[in-house]
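Subject: Structure handover

Hello,

Here is the structure for you to look at. My notes follow below it.

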Amino acid sequence: MQLANVGVRNLQPYQAGKPIEELERELGIRDIIKLASNENPLGLSSKVRAALQDTLAGLARYPDANGFYLKSKLAKKFALDTAQITLGNGSNDVLELIARTFVNAEHEVIYSQHAFVVYPLVTQAIGAKGVAVPARDYGHDLDAMLAAITAKTRMIFIANPNNPTGTFLTTEAIAAFLAKVPENVLIVLDEAYSEYVSEAERAPSFRWVQQYPNLVVSRTFSKAYGLAGLRAGYMVSHPAIADLMNRARQPFNMNSLSLRAAEVALDDDDYLQQSVAVNEAGMQQLVNFCEQHGLPYIPSRGNFLTIEVGENAGEIYQQLLHAGIIVRPVAGYELPRHLRVSIGLPEENEAFIQAMKEIIANLC
Ligand code: PMP
């Protein structure tokens, strides 16, 4: 279709899986275990459920276009000014919004070789040039990213922890990097998985925003807060950046349900702690399995583990699927020998481990 802009024409469609119910019907399997999208295995908390129920009555009205209550809660919790916050329909929305607000077809955007799929997507959709920098030990090579900056560079995407590798950059490494990036280059620090990192190791990224007006930080309610289906995310930045993004965004880019759910989830420390604890235990379960079976894996700080299963990764993925377990092939992220497995409940992880044991035994 010649009418579309060149960037969009060259895009590969996002590879979303089929609905689980459809897969179950096709494969004749019931209760597929989904360990494919880094979702929270705990499900919705009863507090969020009750709040959603209470919100239903008001759904004939438009949502609060400025997300007043959610922004106030975020500002209070993280010692921010509400003018620093941009809300989004999931953090994907704010990642797209920042690109749309600041990048044009003349610019270059830098990200890692194994970067989250949305970075190349939003870059190419604008018609800008994406510069994928080779990774170091599967993680971001910050020196190489600095070296890739040219006069045309407008933005750098960094996910910490990174998806799909789970690699993690220390506070010192990021601080040194921030000090070296020119002021006219925006740094997008995507902290979708930040709650899984201990407080001691978590970067003071919201404070850095005061020091570096070219730094923006995105977070999501989809992972540790368990609201992936509701779509709630946000970005913290210098107020001047938030002002521009808020001008460019759709007025109702969070709906009444997602706003209310996020407000309640933000206060629910018990749920958050449980999410982190279940994740830590599940991670250990999968790591133990890998070590016992000599399977290399990329040490992960997220809610998933990317395992090097070898050249038969595609075949193993299919066999797992037929055993009723869906994981994520990551060949599209230049990791053709790996599979990414989201951490589930203990029994879900165990089902994956048992299925893998059988598959490995049959492959040998
Ligand atoms: N950033 C990273 C690194 C992610 O892995 C994801 C989700 N997979 C997102 C952002 C987007 O999450 P959401 O749009 O659900 O907030």
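Helices (H or I, at least four residues) and strands (E, at least two) are DSSP runs, numbered from the N terminus. This is a predicted model, where local features need pLDDT of at least 70, side-chain atom pairs count only at pLDDT 80 or more, and totals for chains, interfaces and linings use all residues. Residue numbers start from 1 along each chain as its sequence is written.

The lysine first. K223 sits in the loop between β7 (215-220) and β8 (233-236). UniProt lists K223 under "modified residue: N6-(pyridoxal phosphate)lysine", in an unreviewed entry. Such annotations may be inferred rather than shown by experiment.

Is K223 buried or exposed? K223 counts as buried because it has 25 C-beta neighbours inside 10 Å. The cut-offs are 20 or more other C-beta atoms within 10 Å for buried, 12 or fewer for exposed, and partly exposed in between, with C-beta atoms placed from the backbone.

Contact means that two C-beta atoms, placed from the backbone, lie within 7 Å. Leaving aside neighbours within four places in sequence, K223 contacts N38, N40, A192, Y193, E195 and N303.

Now the domains. The assignment gives domain 1 (15-43 + 270-363) and domain 2 (58-267). These bounds come from an automatic or database domain assignment. The domain centres, taken over C-alpha atoms, are 26 Å apart. Domain 1 puts 24 residues into the contact, and domain 2 puts in 20 residues. On the domain 1 side, α12 (269-292) and β10 (304-308) each supply at least two residues.

Best wishes
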